[in-house]
Amino acid sequence: MKRLLINTMVLGMLLGTASCKKYLDLTPTDAASDKLVWSKVEYAELAVNNFYHDLNYFGSFNSGQSSAGMTEGFTDMLKYSSMTYNAYMFIPNEVAYGGPVLTAGYVSVYLGTWSAVYDKIRRVNEALSNLKKYGSSLPANDAKRLEAEIRFFRAFLYFDLLKRYREVIIYDEDLTKISKSTPLSTEAAGWDFVQNDLTFAGQNLPVSINAKGRLTSGAAYGFMSRAMLYAKRWEAAKSAAEEVLKMNYQLTGNYADAFNDGNTEAIIQYSFNKSVFTHSFDAFYSPGGDKEGSGAYGTPPQEMVESYELANTGGFPDWSEWHNTSGTTNTPPYDALEPRFKASVLYNGAGWKGRTIEAFVGGKDGYANWKTDAVPAGRTVTGYFLRKFLDESIDLSKDNSTRPWIALRLGEVLLNYAEACYHSGAPALANSAVRQIRTRVNLPYTDKSGEALLAQIRQERKVELAYEGLYYWDMRRWGLASTAFTGTRVHGLRIEKNGSGQFVYTYVDCDKQDRNFPEKMYRFPLPSSEITNNVSIKQFPEWN
């Protein structure tokens with residue numbers, strides 16, 4: 001990915017040089033540049049490199065999923081720490097609480113992607129149009145591969161629109177079709193478009209398990225296994241996952257390693273480099289003790305902690321003792337929980353950067369009372385800190401983050417496969433996939449059927465894929481969000497030392513008002529700008 005980033009900058013210099021050399025040519029500069037770019041494979045690859053940045057844009061390290069922080073903040077998986085600090089804190093809380101604030105305009109600003117994604121689609125379609133117009137001199141196999149890469153990104157972008165809006169405007173590489181009066185497609189037509197592009201990509205991209213370079217066939221089929229779950233095309237999702245499972249991807253032996261650079265289960269990786277391109281995830285979410293006054297924008301609540309099972313034996317501990325609003329001095333069973341908990345959540349007493357996490361009142365990392373402590377400044381409001389994706393080797397006083405974004409991995413594909421198999425009437429295959437996921441973290445498994453199997457698949461998705469940007473969208477596509485996130489609250493443990501030096505764990509309400517996911521949020525509203533400019537569409541009825 002570093003090479004892709006550097007080469008993208010080289011492309012800009014190349015086009016600038018070409019324009020200077022053509023200053024006496026009456027042929028339009030943009031046409032000359034396009035002809036040059038698509039005349040050689042190495043130039044064409046530089047042009048396509050620009051689209052790779054969207055893998056990061058829609059990841060948990062960036063704002064493509066939501067301009068108000070991680071979408072997990074709208075769920076019981078992550079509690080943003082303030083109502084008075086900034087958009088990455090108080091806006092996700094507003095969304096979670098719902099109510100009158102969820103107007104069409106508000107949702108379009110913070111959760112809508114219509115205009116931004118259509119700008120990206122336009123550039124992708126222009127690239128495909130230029131490839132077909134000017135790429136006749138390219139070797140046939142390279143032309144096919146480049147078309148497959150471009151069509152992957154087009155499907156990737158339309159997937160984002162479809163999961164939000166369901167009905168979209170379909171544009172392809174025929175740029176003459178662009179019009180201000182184009183109607184919305186049916187949802188089925190939108191998914192047809194995505195499926196066709198990903199099928200072409202899967203058939204024409206190289207088969208390779210190198211996730212760090214250019215797109216592969218595994219990337220296309222793996223992403224199709226995700227997209228077709230949203231489309232409820234179970235056989236298509238199942239078949240796509242099976243294509244990936246034929247390849248030589250392997251689950252990492254240690255769950256935490258699945259998010260490291262170049263690991264064996266990564267299928268799509270977006271890389272960062274200290275000298276070229278970094279991100280700020282650690283600065284946003286690290287425990288406050290890492291850098292005084294910063295971090296802990298969002299922290300895991302007690303509800304998420306209680307989603308993890310006991311190590312080795314499976315099953316859930318009895319947490320009732322720690323639901324005591326008067327406090328208990330007994331230590332919660334953190335050490336007894338399975339590996340995915342310890343790889344995802346930092347808790348009081350956990351080892352971190354050569355020290356021990358102090359998530360208590362007055363501790364190095366600190367505790368802040370939700371809402372009454374208006375500026376938490378790196379302190380937790382739940383008694384926990386996020387661990388997943390953080391780089392334990394980074395010094396926040398000197399460096400930004402460089403941990404890669406794993407946009408797709410084998411663990412997800414196995415769970416996509418399990419869900420598709422369940423709905424396709426293949427429970428044995430579904431159980432086998434779930435068992436692989438649990439075996440990696442040494443959890444036992446007994447085959448299930450019917451609703452119990454579906455519930456197990458959903459449970460595994462929640463803990464296996466936690467904070468990877470999927471849970472909120474899963475709950476929407478399952479139709480469960482309006483129940484799970486309405487009339488509910490998240491909680492935490494306020495931890496403080498008593499006169500004897502013992503920790504007292506007190507169960508606290510971290511919302512102080514009920515959450516609300518209205519039915520209309522199952523489909524986001526069209527932006528007013530599109531309705532104003534396009535005479536062929538109207539606002540969705542639930543938003544009128």
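Predicted model: local features only at pLDDT ≥ 70, side-chain atom pairs only at ≥ 80, totals over all residues.
**Close-up 1. Helix 9 packs against helix 10.** Here helix 9 (residues 187-204) meets helix 10 (residues 217-230), with the axes coming within 8 Å and crossing at roughly 160°. That angle makes helix 9 roughly antiparallel to helix 10. The crossing is left-handed. On the helix 9 side, look for Trp 191, Val 194 and Leu 198, among others; helix 10 brings residues including Ala 220, Phe 223 and Met 224. Sort the contact residues by type and you get 11 nonpolar, five polar and no charged.

**Close-up 2. Arg 164 and Asp 160 pair up within helix 8.** Their salt bridge has its closest N and O atoms 3.0 Å apart. Both residues sit in helix 8 (residues 140-165), four residues apart, or about one turn of the helix. Both Arg 164 and Asp 160 are buried.

**Close-up 3. Arg 340 meets Glu 460 and Glu 464.** Glu 460 joins Arg 340 in a salt bridge at 3.0 Å, N to O. This pair links distant parts of the chain, as Glu 460 is in helix 17 (residues 450-464) and Arg 340 in helix 14 (residues 339-344), 120 residues apart. Glu 464 also forms a salt bridge with Arg 340, at 3.1 Å between the closest N and O atoms. Glu 464 is in helix 17 too, so its pairing with Arg 340 of helix 14 ties together parts 124 residues apart in sequence. Glu 460 and Arg 340 are both buried, and Glu 464 is buried as well.

**Close-up 4. Arg 340 belongs to a salt-bridge network.** Besides Arg 340, Glu 460 and Glu 464, the members include Glu 265, Lys 388, Arg 409 and Glu 468. For the whole model, the count comes to 50 salt bridges.

Notes
Residues numbered from 1 in each chain as written. Heavy atoms only, no water. Axes fitted to C-alpha atoms, helices over the stretch in contact; angles between N-to-C directions. Helix = DSSP H or I, 4+ residues; strand = E, 2+ residues; numbered from the N terminus. Parallel < 35°, antiparallel > 145°, perpendicular 65-115°, else oblique. Left-handed = near helix turned anticlockwise from the far one by under 90°. Contact = heavy atoms within 4.5 Å. Nonpolar A, V, L, I, M, F, W, Y, C, P; charged D, E, K, R; others polar. Salt bridge = Lys/Arg side-chain N within 4 Å of Asp/Glu carboxyl O. Buried < 20%, exposed > 50% of the residue type's maximum accessible area, 1.4 Å probe, protein only.
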